[in-house]
Amino acid sequence: AAFADLQRVVKAYPPGQRDIDGGGFDVVRSDPKTGYIYVQFESLKKGFIDDVEFIVRSDAAGSAQGGVEVRSASRVGYLDFGVNAKRLNKIAEDLAALDSARWKAPKITGEAFPFYVQENR
């Protein structure tokens with residue numbers, strides 16, 4: 001159920017939300033057996049690509065309640081001006097909207113992640 005929720009939210013992601021990803025996105029790989037999703041998001045103006053990977057982790061009992069790990073990176077440069085945080089916050093909000101009891105993720109804020117926010121103003 002966790003993988004299906006994540007896949008549904010990623011595929012329904014609205015390009016242009018919060019003024020980012022206006023160039024759209026492409027789900028490059030989605031593998032329910034391994035719990036892995038790889039997506040490329042594109043900026044509207046300059047066509048920059050960001051790579052985002054998700055993996056649904058199993059707990060000791062083998063259920064998908066172990067959580068989701070995320071890797072999000074800009075291909076060009078060091079700074080992303082907060083784009084990755086906006087994108088991941090939107091995906092986390094949409095997952096929580098499906099089932100707030102099952103989906104909990106810390107919002108990427110200056111309080112929770114001060115180094116990221118300071119570096120990407």
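In this predicted model, the buried residues of helix 2 are Val-83, Asn-84, Ala-85, Arg-87, Leu-88, Asn-89, Lys-90, Ile-91 and Leu-95. These buried residues pack against helix 1 (2-11), strand 2, strand 3 (49-57), strand 4 (67-74) and helix 3 (114-119). The strands concerned belong to an open sheet of four strands, whose order is 1-2-3-4 and whose pairing is antiparallel.

**Helix 2 and Arg-87**

- Helix 2 comprises 16 residues (residues 83-98), which at 1.5 Å a residue should span 22 Å, and the distance of 23 Å between its end C-alpha atoms agrees with that expectation.
- Arg-87 lies in helix 2, and with a relative accessible area of 0% it counts as buried, because the cut-off for that class is under 20%.
- Once neighbours within four places in sequence are left aside, Arg-87 is in contact with Tyr-13, Gln-17, Ile-20, Asp-21, Phe-41, Asp-50, Val-52 and Ser-72.

- Strand 3 and strand 4 pair in the antiparallel sense over eight bridges, and Ile-55 stands opposite Glu-69 in strand 4.
- Helix 1 packs on the sheet and touches strand 1, strand 2, strand 3 and strand 4, with its direction making about 160 degrees with that of strand 1.
- Helix 2 likewise packs on the sheet, where it touches strand 2, strand 3 and strand 4, and its direction makes about 40 degrees with that of strand 3.

**Helix 1 against helix 2**

- Helix 1 and helix 2 pack at an angle of about 125 degrees, their axes being 10 Å apart, and this angle makes helix 1 oblique to helix 2.
- The crossing in which helix 1 passes helix 2 is right-handed.
- On the helix 1 side, Asp-5, Leu-6, Arg-8 and Val-9 take part in the meeting of the two helices, and on the helix 2 side their counterparts are Ile-91, Asp-94, Leu-95 and Leu-98; of these, Ile-91 and Leu-95 are among the buried residues of helix 2.
- Asp-5, which has its place in helix 1, counts as buried at 9% relative accessibility.
- Beyond its neighbours within four places in sequence, Asp-5 is in contact with Leu-95, Leu-98, Arg-102 and Trp-103, and both Leu-95 and Leu-98 are listed in helix 2 where that helix meets helix 1.

**Gly-35 in the loop between strands 1 and 2**

- Gly-35 lies in the loop between strand 1 (24-31) and strand 2 (36-42), and its relative accessible area of 5% places it in the buried class.
- Apart from neighbours within four places in sequence, the residues in contact with Gly-35 are Phe-3, Phe-54, Ile-55 and Val-56, and one of them, Ile-55, is the residue that stands opposite Glu-69 in strand 4.
- Gly-35 and Gln-7 are separated by 28 residues in sequence, yet their C-alpha atoms are 9.5 Å apart in space.

Notes
Residues numbered from 1 in each chain as written. Predicted model: local features only at pLDDT ≥ 70, side-chain atom pairs only at ≥ 80, totals over all residues. Heavy atoms only, no water. Buried < 20%, exposed > 50% of the residue type's maximum accessible area, 1.4 Å probe, protein only. Contact = heavy atoms within 4.5 Å. Expected span 1.5 Å × (residues − 1). Pairing = 2+ DSSP bridges. Axes fitted to C-alpha atoms, helices over the stretch in contact; angles between N-to-C directions. Parallel < 35°, antiparallel > 145°, perpendicular 65-115°, else oblique. Left-handed = near helix turned anticlockwise from the far one by under 90°.
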